[in-house]
Amino acid sequence: MKKRVITVLGATGSIGQQAAEVLRLFANEFEVLGLAAGKNTGVLLDQVRMFMPTYVSIDPDQRTPEFIEELRHIHPKCEVLVNPEGLLQMAGDPLNDMV
């Protein structure tokens, strides 16, 4: 069965974290293409470890050298986008089955 490709906007908020838990439980059915967060980079990095997405998008002031370094350590090929443009790019990716 082909996995459904998903991008999670607001991934580090309460609903986003609940969605991440469902995706984790059904990992054989879903592939996470992108994760978008505001300021909670700690939770975002944990989610990157779990899902290894193609993209992450964060608020511009959170795109610090420390964040980039940690992200590269976890997932060197993950592309870092900046909100709000990053949200639009991830949501509009034709690989998505669901956003």
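Start at Leu71. Leaving aside neighbours within four places in sequence, Leu71 is in contact with Leu45, Val48, Val56, Pro76, Cys78 and Val80. Contact here means heavy atoms within 4.5 Å. The model is a predicted one: local features need pLDDT of at least 70, side-chain atom pairs count only at pLDDT 80 or more, and totals for chains, interfaces and linings use all residues. Residues are numbered from 1 along each chain as its sequence is written, and side-chain values use heavy atoms, with hydrogens and water left out.

Leu71 also belongs to the largest nonpolar core, which has 21 residues. Leu23, Leu35, Leu44, Val56, Phe67 and Leu71 touch the most other members. Such a core is a set of buried Ala, Val, Leu, Ile, Met, Phe, Trp, Tyr and Cys residues joined through side-chain atoms within 4.5 Å. Buried means under 20% relative accessible area, with a 1.4 Å probe and protein chains only. Another core, of 6 residues, lies apart from the largest one; Val5, Leu33, Ala36 and Tyr55 are among them.

Now look at the sheet. Two strands pair if DSSP finds at least two bridges between them. Ser57 has Leu81 in β4 as its bridge partner.

Helices (DSSP H or I runs of at least four residues) come next.

Note on methods. Buried < 20%, exposed > 50% of the residue type's maximum accessible area, 1.4 Å probe, protein only. Helix = DSSP H or I, 4+ residues; strand = E, 2+ residues; numbered from the N terminus.
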